[in-house]
Amino acid sequence: MGTFVNADGEPCSVDQIVRDLLKEDVTYEFIAHIAQCPLETVKRIAAKQKKQ
């Protein structure tokens with residue numbers, strides 16, 4: 001996986017990218033593609049977000 005940056009150009013984690021994209025109207029598959037991570041990772045992060 002490469003290095004990710006947020007909209008402000010600051011380095012960020014895959015978790016942060018996924019959390020930000022979960023706020024948008026996109027599919028988990030799209031998020032996994034953009035974040036370059038397995039679909040299971042997106043689902044795990046989404047489940048954690050719903051608990052909070």
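Set aside the neighbours within four places in sequence, and Phe4 is in contact (heavy atoms within 4.5 Å) with Glu10, Pro11, Cys12, Val14, Ile17, Ile34, Ala35 and Gln36. A word on ground rules: this is a predicted model, where local features need pLDDT of at least 70, side-chain atom pairs count only at pLDDT 80 or more, and totals for chains, interfaces and linings use all residues. Residues are numbered from 1 along each chain as its sequence is written, and side-chain values use heavy atoms, with hydrogens and water left out.

## The core

Phe4 also belongs to the largest nonpolar core. A nonpolar core here is a set of buried Ala, Val, Leu, Ile, Met, Phe, Trp, Tyr and Cys residues joined through side-chain atoms within 4.5 Å. Buried means under 20% relative accessible area, exposed means over 50%, and partly exposed is what falls in between, using a 1.4 Å probe and protein chains only. The core has 12 residues: Phe4, Cys12, Val14, Ile17, Val18, Leu21, Ile31, Ala32, Ala35, Cys37, Val42 and Ile45. Helix 1, helix 2 and helix 3 are the elements that give two or more residues to it, and helix 1 gives the most, with 4 residues. As a general point, nonpolar side chains in soluble globular proteins tend to be buried together.

## Helix by helix

Helices (H or I, at least four residues) and strands (E, at least two) are DSSP runs, numbered from the N terminus.

Start with helix 1, where Val14, Ile17, Val18 and Leu21 are buried. These residues cover an arc of only 95° around the axis, so they sit on the same side of helix 1. The arc is taken from the directions from the helix axis to the C-beta atoms. Strand 1, strand 2, helix 2 and helix 3 are among what covers the buried residues of helix 1. In general, an α-helix has 3.6 residues a turn, so residues three or four places apart point the same way.

In helix 2, the buried residues are Ile31, Ala32 and Ala35. Their arc is only 100° around the axis, which puts them on the same side of helix 2.

Helix 3 buries Thr41, Val42, Ile45 and Ala46. Looking down the axis of helix 3, you'd find its buried residues within an arc of 135°, so they line one face of the helix. Exposed on the other side of helix 3 are Glu40, Lys50 and Lys51. Helix 1 (14-22) and helix 2 (28-35) are included in what covers the buried residues of helix 3. Its length checks out too: at 1.5 Å a residue, the 13 residues of helix 3 (residues 39-51) should span 18 Å, and the end C-alpha atoms are 19 Å apart, which agrees. The expected span is 1.5 Å times one less than the number of residues.

## Cysteines and a salt bridge

A search of the whole structure for disulfides (a pair of cysteine sulfur atoms within 2.5 Å) finds 0. Cys12 is in no disulfide, and the nearest cysteine sulfur, that of Cys37, is 12 Å away. From the other end, the sulfur of Cys37 has its closest cysteine sulfur in Cys12, at 12 Å, too far for a bond.

The salt bridge count comes to 1, with a salt bridge being a side-chain nitrogen of Lys or Arg within 4 Å of a carboxyl oxygen of Asp or Glu. Its partners are the side chains of Lys23 and Asp20, at 3.9 Å, N to O.

| Residue | Relative accessible area | Class |
|---|---|---|
| Cys12 | 18% | buried |
| Cys37 | 10% | buried |
| Lys23 | 65% | exposed |
| Asp20 | 28% | partly exposed |
| Gln36 | 49% | partly exposed |
| Ser13 | 37% | partly exposed |

## Two loop residues

Gln36 sits in the loop between helix 2 and helix 3. It has a positive phi of about 55° although it is not a glycine. For context, most residues other than glycine have a negative phi.

Ser13 is in the loop between strand 2 (11-12) and helix 1. Ser13 and Thr3 are 10 residues apart in sequence and, C-alpha to C-alpha, 7.9 Å apart in space.
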